[in-house]
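Here are my notes for you, point by point. Keep the picture open while you read.

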Amino acid sequence: MKILATIKKEALLLIRDPGGLALIFLMPLGLVVVMALIQDAPFKDYQETKLEVVFVDYDQDSLGNKIQNAFLQSPNIQFVHYSDSNKARSVVRSGRYKAAIIIPAGASESLRKKNKQLIARIFSNLGYPGASADSTVLPATNIQVLFDPAIKVNYKQALTSAVEKVIANVQSEWIVDQLQNQLSGNTSPKGKMKVDFTKVLHVQQQYASKNINENLVLNSVQHNVPAWTMFAMFFILFPLAGNFIKEREEGSMLRLRLISGSQFPVISGKFLFYFGICLLQFVLMTVVGIFIMPMIGLQQLVLGNNLGGIFLTACSVAMAATGYGLLIAVFFRTPQQALSFGSISVVILAALGGVWVPVYVMPEILQGTSRFSPLNWGLESFNNLFLRDASTLAILPDVFKLISFAIVTLTFSIFIHKSRTIS
Amino acid sequence: MSDAIVRIQSITKLYKGSVQPAIADLRLEIPAGSVFGLLGPNGAGKSTLIMMLCGLMMPDEGSIRVLGMDAMKEGGAIRKRIGVAPQELALFPTLTAYENLFYFGKMYGLKTDIIKKQIAVYLEVFGLSDKARKRVHTFSGGMKRQLNLIAALLHDPTLLILDEPTAGVDVQSRNILLDFLMTLKAKNTTIIYSSHFLEEAEKICTQMAILDEGKLITQGIPSNLIGDHGDCTTLESLFLKLTGKHIRD
């Protein structure tokens with residue numbers, strides 16, 4: 001009953017604290033939405049962004065057409081046609097476009113000549129009558145791919161290899177074509193044969209997840225909703241520590257000390273209340289992820305199938321966040337100390353934990369330290385559940401770390417509070 | 001004295017980093033049913049002594065028995081039977097008077113119906129019934145003090161400890177408070193009354209002790225103490241004679 005009374009008291013105090021309410025519910029709401037919107041583009045950079053590439057075709061022959069047709073099927077690359085390479089260079093330099101492909105005049109012809117020479121050599125080598133190997137060294141033809149210096153390296157590599165791949169395909173097609181022409185011209189009465197260039201061996205891309213939505217990847221919503229929700233849950237220390245220290249300063253904590261046996265209900269009541277608030281934050285942010293995000297042009301949050309695992313992780317994060325808030329509340333003597341240290345420490349833990357940017361983007365040394373952040377344990381667990389459809393067993397190590405963190409912080413909180421209650 | 005409700009034997013308390021003890025070899029007995037004035041200038045050790053009586057602070061030396069229990073070992077049991085109105089206004093300002101008292105009643109472990117009854121009785125006594133649903137931060141200093149006292153009375157304590165109960169209180173509120181204490185005195189409740197208002201103490205205390213710099217300067221019945229010092233006609237003149245006129249921190 002004492003615990004229930006404390007929970008009710010905490011609820012009344014919070015309801016009458018508009019600043020605290022805003023911090024608990026509006027701040028995370030704002031953070032989740034704003035961060036998801038801001039990070040939508042960078043996340044798409046990796047996965048979905050369309051890259052506009054300037055295309056200058058001085059060749060006006062088959063090679064240019066083949067390259068254009070090949071990229072026409074690409075969902076990520078769109079050609080913007082320019083007729084002047086200097087202009088193309090200028091728009092790329094200015095950053096308006098990220099890259100340009102310039103096909104020089106005579107590129108197709110040059111490729112044909114090269115192929116012809118190659119085939120003549122083969123025939124000559126095989127001893128075909130009338131075939132003579134041409135040993136003239138043909139001048140190299142450069143297809144230029146220009147890049148904006150600010151382009152990401154992975155784009156640069158992807159575009160270069162795509163162009164090289166198209167050229168290689170065109171060259172092989174033409175070799176076969178010319179070979180056929182040569183052979184049919186010499187021997188076959190049936191004329192030219194249609195060669196099937198469809199691939200036998202395919203490279204099939206697939207995500208290793210078992211999710212119902214198997215094409216689901218880490219996008220802005222999938223990252224930001226759990227990440228910033230956890231950040232907000234850890235920011236519970238603001239109202240928790242703020243109220244706790246205020247009670248100490250105003251004297252109500254002294255009265256509670258003067259009431260026999262009130263310390264356990266006071267601490268546990270506070271813990272349970274803020275634990276509940278953390279869970280409420282999680283539910284609210286999840287609802288925002290599922291229903292509000294699609295309304296503002298973002299993807300919908302996909303939870304996966306393991307709702308039990310999600311609840312377990314949310315409870316563990318809530319316990320860890322509340323334990324940490326209580327520790328800060330009992331350890332520091334003034335609100336200024338508690339809130340300054342508390343907020344900075346949560347920001348650091350969040351940054352290390354991969355809340356701001358995913359851990360895999362961080363330098364190796366930070367990736368190592370991120371393992372010590374409770375926010376990282378929570379985020380890993382949520383990612384495993386949302387994206388990889390992990391079983392409860394699979395998330396237990398992270399859950400265990402979070403609960404251990406909660407137990408340690410709670411134990412220290414009780415110990416410090418008790419040592420200050422009786423001196 | 002066999003009927004002492006508090007028995008303090010040679011206690012000393014030295015705070016960390018402090019050279020002078022807050023309490024130095026203090027011996028004191030407080031009779032049951034008395035209104036015992038605990039007087040002294042700032043830094044005399046009154047608040048430290050109160051904390052030790054409640055079992056929230058341990059003396060470095062000596063022993064304290066309150067209601068027959070060892071304050072060093074049985075602080076919890078002692079706190080169940082005493083009521084303390086601390087010098088600080090130990091209330092939640094954004095809660096109403098009723099919510100504050102109800103919460104403290106719950107923390108005392110009282111049943112809901114008893115808490116409601118006690119709240120109604122005491123708010124009526126102090127003329128605060130119509131303010132029950134008002135938030136405490138809207139109360140005057142006097143009303144807050146009264147509420148502070150009610151919170152210490154909800155569980156009908158055997159021993160009531162009041163630390164500066166009339167600080168910052170207007171004449172009317174003080175009058176109500178003192179009248180109420182007189183009714184408690186009539187019911188034989190033991191009251192330890194710490195105050196700077198000597199006239200007030202002289203009026204209601206049946207026994208008193210004057211402390212200074214952690215030491216007991218004198219102890220006895222107020223009129224006897226004044227009479228023992230022929231040149232003193234009031235408690236204030238006695239107080240100044242015994243503790244000096246220099247200003248304390």
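1. Start with the open sheet in chain B: four strands in the order β2-β1-β4-β5, with antiparallel pairing. Two strands pair if DSSP finds at least two bridges between them. Strands (E, at least two residues) and helices (H or I, at least four) are DSSP runs, numbered from the N terminus. At the edges of this sheet you'll find β2 (23–31) and β5 (69–70) of chain B, each pairing on one side only.

2. A word on what you're looking at: this is a predicted model, where local features need pLDDT of at least 70, side-chain atom pairs count only at pLDDT 80 or more, and totals for chains, interfaces and linings use all residues. Residues are numbered from 1 along each chain as its sequence is written, chains are lettered from A and ligands numbered from 1 in the order in which they are written, and side-chain values use heavy atoms, with hydrogens and water left out.

3. Back to chain B. Five bridges link β1 (residues 4–13) of chain B to β4 (residues 61–66) of chain B in the antiparallel sense; find Gln9(B) and you'll see Ser63(B) of β4(B) opposite. Helix α1 (residues 46–53) of chain B lies across β1, β2 and β4 of chain B, at about 120° to β1(B). Axes here are lines fitted to C-alpha atoms, for helices over the stretch in contact, and angles run from 0 to 180 degrees between N-to-C directions.

4. Chain A has an open four-stranded sheet too, ordered β2-β1-β3-β4, but its pairing is mixed. Its edges are β2 (77–82) and β4 (144–147) of chain A, each with a single partner strand, so one side of each has no neighbour in the sheet. Ignoring direction, neighbouring strands are turned by 25° against each other on average.

5. Inside that sheet, β1 (residues 51–57) and β3 (residues 99–103) of chain A run parallel, joined by five bridges. Which residue of β3(A) is the bridge partner of Val54(A)? Look for Ala100(A).

6. Now the two chains together. Helix α1 (residues 2–15) of chain A packs with helix α3 (residues 97–107) of chain B at about 155°, axes 9 Å apart. The two are therefore roughly antiparallel (the label for angles over 145 degrees). Contact (heavy atoms within 4.5 Å) involves residues including Leu12(A) of α1(A) and Tyr103(B) of α3(B).

7. Last one: chain A is assigned domain 1 (2–38 + 215–422) and domain 2 (49–199), with bounds from an automatic or database domain assignment. Their C-alpha centres lie 56 Å apart.

How values were computed
Angles under 35 degrees count as roughly parallel, over 145 as roughly antiparallel, 65 to 115 as roughly perpendicular and the rest as oblique.
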